[in-house]
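User: Hey, I'm new to this. Can you walk me through the structure below?
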Amino acid sequence: MARPPASAEQLLERFGPHLHNTPPGGWSDESRNPAEKLVKTHCCFCGQQCGIQLKVRENRVIGFEPWEEFPFNEGKLCPKGVKRYLQGSHPDRLLDPLLRDEKVAPDSAGFRKANWAEALQFTARRIREIQEKYGKDAVAVYGGASLTTEKSYLVGKFARLAVGTRHVDYNGRLCMVSAGVAYKLAFGVDRSPIPWSDIPKADVLFIIGSNIGDCSPITTDYVWRCRDRGGKLIIADPRLNPIARNADLFLPVRPGTDLALLMGMLHVILRDGLENRQFIEEHTTGFEALKESVQAWNPQAAAEKTGVPPDAIEKAAHWIAKAEHAIALHARGIEHQSKGVENCLAVINLVLATGHLGHEGSGCAMITGQGNGQGGREHGQKCDQLPGQRMLTDPAAREHVARVWGISPDELPQPGYTAEEIMEAIHRGEIKALLSMCFNPLVSLPDANYTREALDKLEFFGVIDFFLSETAHHADVVLAGSLQEEEEGLSCNTEGRVIHIQKAVDPPPNARTDTWILCELAKRLDRAKFFPFQTSREVLDELREASRGGHADYYGITYERVDEHMGLFWPCPSLDHPGTPHLLDGAKSFHPDGKCRFVTTEWRESGDPVDEQYPVYLTTGRVVSQYLSGTQTRRLGGLVDIYPEPLLEIHPRLAQQYGIADGDAVTLTTRRSEVTVRALVTKTIRPDTVFIPYHWPGKRSANRLTHRTLDPRSKIPEFKVSACCIKKASLSEESI
Amino acid sequence: MFGYEFYVDPSRCIGCQSCVEACEECETHRGVSMINFDYLDRYETANTAAYVCWHCEEPTCAMVCPADAIKVGEDGVVRSALKPRCIACSNCVLACPFGIPKIIPEYEQMMKCDMCYDRTSVGKRPMCATVCPSQALSYVKPEQIAKRREEPTNLFVFGNQHVKTRVHMMTPPGTDAVSIDVVDYMWEGHLGQFGR
């Protein structure tokens, strides 16, 4: 049974998050000793995947040194990168496999140390027992986008071949999938088409739904370089974020209405005849339908919907259309919506209509949120895909991958549920068991109370991780896995640059590499012959073959080549191929006809509309010092100091209406639940909108408030738009 | 490092505090961050400012020190107070026009940014300016800074006190000096010599 085996306090006491501030050996003592080696590797956090050198001494990471030669970030790091080295020596680190045992002493918090044979055997036995009782697909597997590409590949193969379930998906479902679907529809391929070195070359930079300063800090440098060259900066966001204050044009779009803004801009461009006829004719299909679809979205109509002034919409459209080079950047702001795919398609339509594609300094790009958000979704842990970004439903793709794996294509399951759908299937009793690696759904999925109810219902829950996340409190078994710096592998950054994660240290003596754990589990599921891997290199060699000929072709990528070139952009189909920084050179798409497609978009309302009872828009997001569900970053003292607790950003006009002053406790209520946090009264947010960051669990969890409406195509939840009501909390209600 | 200068540009600061976190990694003051970081007025704006010691040519902190504990190195870097001499009297803290020095109670010593002389002396850039993701703190050659929209200045006017610093502030083009007092911009006939 998957209820937590001990009280929240007991679990907190034993497993943290505790704050860790000092390097191994202390500031003034041992850590002053010189490093034995500097390991050139990358940050384990966001999709920027900054280069960093880890200082290693006696098999411990004792500090870092900036890696200025790495071209993407040239030594720059955000505070998460600066403090990431402290996670290896963290006292909360899981050092042994754990089995749930409610009879152990209270200070063990319901888990006892197990030996590996026992823990692995138990996991395999429970998986098979449940499958025998309820069918193969009663077991689901979760992966994560912080895993290396090799591990992501293994998760997909393990789920389909070792467990034999249809249901494998990953936390990247909460990140990039709307953009992925849109880029596939329009360009036939899912990757940002341009390297970041193009950004400074744009004459107009249009950033929509991306809080770059907090969520992709290194990209700021590229944005400022663009401005120094005279580039104009347009930013659309409900909040005047740290970058937006330097914008030449700020579009304060109401949450969930980006599509209306984009269609309004397209309307202006077509109305004024500013489209690039030659480009449209040579490189695109579907333009006539697009024209019709934006007919009704005159600036007035768009302004009514978005709260952006009509003349600002006109100006933005004109600047982009008249620029010689323009780039549109977007991220979760437009993607985390029940029309996330449409939003991204509308950005692409804008770029295509104005001909800003296929030459240097022009294009569009999604800014990856998760570390290996790009690479983690290319090789088969996504519920509908096989390695190489091949589609699981494509017979030729199944044939190819089955041949590499040495099976018949019929043995490959068909596509299963996406991440949130898996949780819903658990809730309704269809899925009975879950094996999760690198995913903390209790904090990161929407409607957290619902997620908790689902976890409580699991008949078996196994977790592979290196810290005990809040979700793992529900586990029956926890297999102590490896940190990023403990296992070699590839990752793919936001640009599509494949980079090399170096192994810096060994895992602690009784923890294991994730690769070893998956292979050992496969052995106990009687599928050893498909998982003979001793090293990441062996996994990569198979992955190279499996991806060969696919869109995300890694055949020409080896660790040595990545090191030599400081990263290689895929596709890289042969060992002498230089890689492909510009994916859509000459605006040639990956569709069979080589054309880019206009895909029309249609307005629809949010899945959680504001009304009289819930009159305020709630939007959620990140802060710079925390990463995703905070499993790692809520344990690092320096990062917690920067921003210790979630704050409610609220405009003075709205605050005054409810008698709320800065620092007051405020209760937010949505159609799901309520949360009480302190107010940060500030003029940098729309007065009809409030914001809270989502990195915290329990009573401070923003995702208790969010709803489970999904984009029908990408299945991304609508984190960026909920309806809420607010009231000042009395002291007794304060549970902050 | 020869030919490199330090530039501060609060208009580019994104408030990430990477500098604050990285500063404590510095060899000369491990575990203690010397960066000054402020939200200007969070009610009004998201603007933030991170800055280091400005390393004055004639440092006020050194001038007011009764123990002669604050020294300027040959590299022009104003050091933390010398431990054997510092009496932790806080004169420097009160006198510095930029609010830089800090008394660290547990050490009974004034400590401040030393521009990572342990790093710059061996050809590395200061930690904060190396990691800063947003060009708010930069340690680069003047020709690189010339590509920016803003221009550097290193003259600060505090009433009658004109302070020339080693570290530069990025300002709107055409700014000769940074003055913080309206009086500095006024004409007061023969009474005052405050104008520029």
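Analyst: Being in contact takes C-beta atoms, placed from the backbone, that lie within 7 Å. This is a predicted model, where local features need pLDDT of at least 70 and side-chain atom pairs count only at pLDDT 80 or more, while totals for chains, interfaces and linings use all residues. Residues are numbered from 1 along each chain as its sequence is written, and chains are lettered from A and ligands numbered from 1 in the order in which they are written.

User: Where do the domains of chain A run?

Analyst: Domain 1 is 8–87, domain 2 is 98–172 + 374–484 + 503–560, domain 3 is 177–366 and domain 4 is 616–733. Those bounds come from an automatic or database domain assignment. Taken over C-alpha atoms, the centres of domains 1 and 4 of chain A are 29 Å apart.

User: Switching topic, what is the strand order in the open sheet of 5 strands?

Analyst: In chain A the order is β10-β9-β8-β12-β13, with parallel pairing. Strands (E, at least two residues) and helices (H or I, at least four) are DSSP runs numbered from the N terminus, and two strands pair if DSSP finds at least two bridges between them. At the edges, β10 (249–251) and β13 (363–366) of chain A each pair on one side only.

User: How many bridges link β8 and β12 of chain A?

Analyst: β8 (204–208) and β12 (326–330) of chain A pair over 5 bridges, in the parallel sense. Ile208(A), for instance, has His330(A) in β12(A) as its bridge partner. Helix α14 (340–353) of chain A packs on the sheet, touching β8, β12 and β13 of chain A, and its direction makes about 175° with that of β12(A). Such angles run from 0 to 180 degrees between N-to-C directions, with axes as lines fitted to C-alpha atoms, for helices over the stretch in contact.

User: Which helix packs against α14(A), and at what angle?

Analyst: Helix α5 (177–187) of chain A packs on α14(A) at about 50°, and their axes are 8 Å apart. α5(A) and α14(A) are therefore oblique to each other; under 35 degrees counts as roughly parallel, over 145 as roughly antiparallel, 65 to 115 as roughly perpendicular, and the rest as oblique.

User: Which residues of α5(A) and α14(A) meet?

Analyst: Among them are Val181(A) and Leu185(A) in α5(A), and Leu345(A) and Ile348(A) in α14(A). The contact of α5(A) with α14(A) has 9 nonpolar, 2 polar and no charged residues.

Technical notes
Two residues are in contact if their C-beta atoms, placed from the backbone, lie within 7 Å. Ala, Val, Leu, Ile, Met, Phe, Trp, Tyr, Cys and Pro count as nonpolar, Asp, Glu, Lys and Arg as charged, and the others, Gly among them, as polar.
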